[in-house]
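I list what I looked up, entry by entry.

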Amino acid sequence: MTATQTMTQTVPTIEEVKAAVDAALESAHTSLRELNREIWCNPETAYQEHRAHDTICNFLEKQGFTVTRHAYGLDTSFEAISGSGGRLINFNAEYDALPDIGHACGHNLITTSSVAAFLALSTVLKQYGIPGRTQLLGTPAEENGGGKAKLIDLGAYKGVDVSLMAHAGPKELFPGVVTDSVGGVRMNARKEIHCEFTGRSAHAGGNPWEGINALDALVTSYNNVAVLRQQLRPDERIHCAFLDTPTVANIIPSYTKAYWQVRSPTLKGLNQLMVKVRNCIEAGALATGCEAKIIENELYTDIKINDTLCDRYKAHMSKYDRNVIARLDKVMTGSSDIGNVSYLVPTLHTMFGITDEPGSFPHHPKFAAAAGTDYAHQEAVIVGKSLALIGWEMVTSDELFEIAQQQWKECIQE
């Protein structure tokens with residue numbers, strides 16, 4: 001008996017729960033496929049996911065759930081909670097797309113797997129009368145905008161005991177590593193630096209000595225970072241976009257604007273690298289006599305991998321004949337705001353394979369096409385079933401939950 005059960009309750013076996021999960025999602029098969037297709041066919045970018053928001057909310061309400069639309073003050077976020085008492089299991093639904101190339105990161109499949117998990121776990125908890133709660137949280141703007149970071153600040157994860165989600169990827173996640181799925185993958189911490197340089201205009205031919213060149217400041221700072229790249233660690237990355245530059249050549253420009261994304265495998269490493277990049281930017285301003293306005297924001301932390309959750313994911317996926325690696329310590333040089341959640345509660349962020357086509361990798365048009373296939377949908381539903389089974393164990397097994405909790409506490413102290 002656990003703390004979440006009474007003396008009169010008989011806890012079903014995991015095989016019985018799996019059968020109930022399978023049955024629940026079989027009855028929702030057609031509507032889930034339509035939900036997935038609707039999101040994939042109508043890609044929307046960060047904080048503009050209005051159609052996806054309404055589509056998912058309408059779907060959940062038809063399934064009998066009470067949904068809070070525009071949750072926590074974010075126009076394209078939503079929240080659905082079911083059950084009572086016990087632990088609270090969170091599932092994250094992402095549904096933002098990329099400019100021009102649609103769902104080339106497969107967020108329609110994140111929605112599919114999380115909705116499937118929420119439906120299944122809600123159903124079995126009610127069916128067996130087990131105390132426990134499920135939360136499906138709509139988390140917009142993962143690609144650019146840090147939706148989960150904002151939701152954390154707004155209290156969306158308050159009271160959550162475990163957070164679960166899954167991200168699609170290629171079957172060959174790293175060169176030579178071919179698998180159906182990976183339970184835990186390290187990802188880089190990331191932060192943005194927005195900078196504006198202000199100088200003084202002058203005629204470039206007549207009296208250039210009276211000008212202070214903001215373009216020189218920007219180019220110098222860029223070159224400073226280019227030199228810094230020689231000393232970066234293998235998994236660290238720095239990217240830059242010029243946002244405002246001169247459009248004529250015969251004027252000393254008084255203003256330029258750019259922003260940088262800085263990535264490192266750990267939050268500690270990111271903080272150290274941010275100091276160096278900031279110094280490069282400030283040195284460009286100092287060398288040219290410009291003023292620099294620098295703003296740092298949109299922190300995505302690294303992901304704290306929880307071995308218990310990864311192991312349970314591997315075990316449940318094996319019941320569906322999927323070959324899973326529990327975790328990989330090689331760093332994917334991308335970033336996600338689920339890392340921020342992993343600093344709050346034990347978190348699982350899996351990667352599951354949907355394609356073995358060469359060159360089909362997230363943020364590539366080929367991957368957008370793969371994300372819309374029936375095969376990808378099928379895999380997302382199977383992953384959702386496995387997430388539901390993990391959620392069930394985290395609700396009903398004090399032992400497993402306490403191990404996961406202790407591992408999380410030790411990991412965030414590293």
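Entry 1: I began with Lys 148, which counts as buried because its relative accessibility is 0%. I note that the model is a predicted one. I then looked up Asp 337 and found that this residue is buried too, with a relative accessible area of 0%. The side chains of Lys 148 and Asp 337 form a salt bridge, with N and O at 2.9 Å. This pair links distant parts of the chain, 189 residues apart. Lys 148 belongs to helix H5 (residues 147-153), whereas Asp 337 sits in the loop between strand S15 (324-332) and helix H9 (338-342).

**Entry 2: Asp 96.** Which side chain of opposite charge is nearest to Asp 96? I found Lys 148, at 7.0 Å. Asp 96 is buried and has no salt bridge; the cut-off for a salt bridge is 4 Å from nitrogen to carboxyl oxygen. I therefore looked for polar contacts of Asp 96, given that a pair of N or O atoms has to be within 3.5 Å to count. The side chain of Asp 96 has a polar contact of 2.8 Å with the side chain of His 107. A polar atom of the Asp 96 side chain also lies 2.9 Å from the backbone nitrogen of Glu 143. I located Asp 96 in the loop that runs between strand S3 (88-93) and helix H4 (107-128).

**Entry 3: salt bridges in the whole structure.** I searched the whole structure and recorded 22 salt bridges. One of them pairs Asp 22 with Lys 385, at 3.4 Å from N to O.

**Entry 4: Asp 307 and Arg 327.** I looked up the salt bridge between Asp 307 and Arg 327, whose closest N and O atoms are 2.8 Å apart. Asp 307 lies in helix H8 (residues 307-318) and Arg 327 in strand S15, so the pair joins parts that are 20 residues apart in sequence. Are these two residues buried or partly exposed? Asp 307 counts as partly exposed because its relative accessibility is 30%. Arg 327 is likewise partly exposed, with a relative accessible area of 30%. I also recorded a network in which salt bridges with shared partners join Lys 191, Arg 278, Glu 282 and Glu 296.

**Entry 5: an annotated region.** From the UniProt record, an unreviewed entry, I took the annotation "domain: Peptidase M20 dimerisation", which covers residues 192-284. Over residues 192-284 I noted 35% helix and 31% strand. The end C-alpha atoms of this stretch are 18 Å apart.

**Entry 6: helix H6 and the surface.** I looked up a nonpolar surface patch formed by Val 219, Tyr 222 and Phe 242. Together these residues have about 240 Å² of accessible area. Val 219 is in helix H6 (residues 214-228) and counts as partly exposed because its relative accessibility is 34%. Asp 216 is also found in helix H6, and with a relative accessible area of 39% Asp 216 is partly exposed. Finally, I looked up how far Asp 216 is from Ser 31: their C-alpha atoms are separated by 57 Å, and the two residues are 185 residues apart along the chain.

How values were computed:
Residues are numbered from 1 along each chain as its sequence is written. This is a predicted model: local features need pLDDT of at least 70, side-chain atom pairs count only at pLDDT 80 or more; totals for chains, interfaces and linings use all residues. Side-chain values use heavy atoms; hydrogens and water are left out. Patches are made of residues with over 30% relative accessible area and no salt bridge: like charges are joined within 9 Å, nonpolar side chains (Val, Leu, Ile, Met, Phe, Trp, Tyr) within 5 Å. Accessible areas come from the Shrake-Rupley method with a 1.4 Å probe; for residues, only the protein chains shown count as cover. Helices (H or I, at least four residues) and strands (E, at least two) are DSSP runs, numbered from the N terminus. Buried means under 20% relative accessible area, exposed over 50%, partly exposed in between (1.4 Å probe, protein chains only). UniProt positions are given in the numbering used here, feature names are shortened, and annotations may be inferred rather than shown by experiment. Lys and Arg count as positive and Asp and Glu as negative; His and the chain ends are not counted. A polar contact is a pair of N or O atoms within 3.5 Å; within protein, one must be able to donate a hydrogen and the other to accept it, and residues adjacent in sequence count only if both atoms are side-chain atoms.
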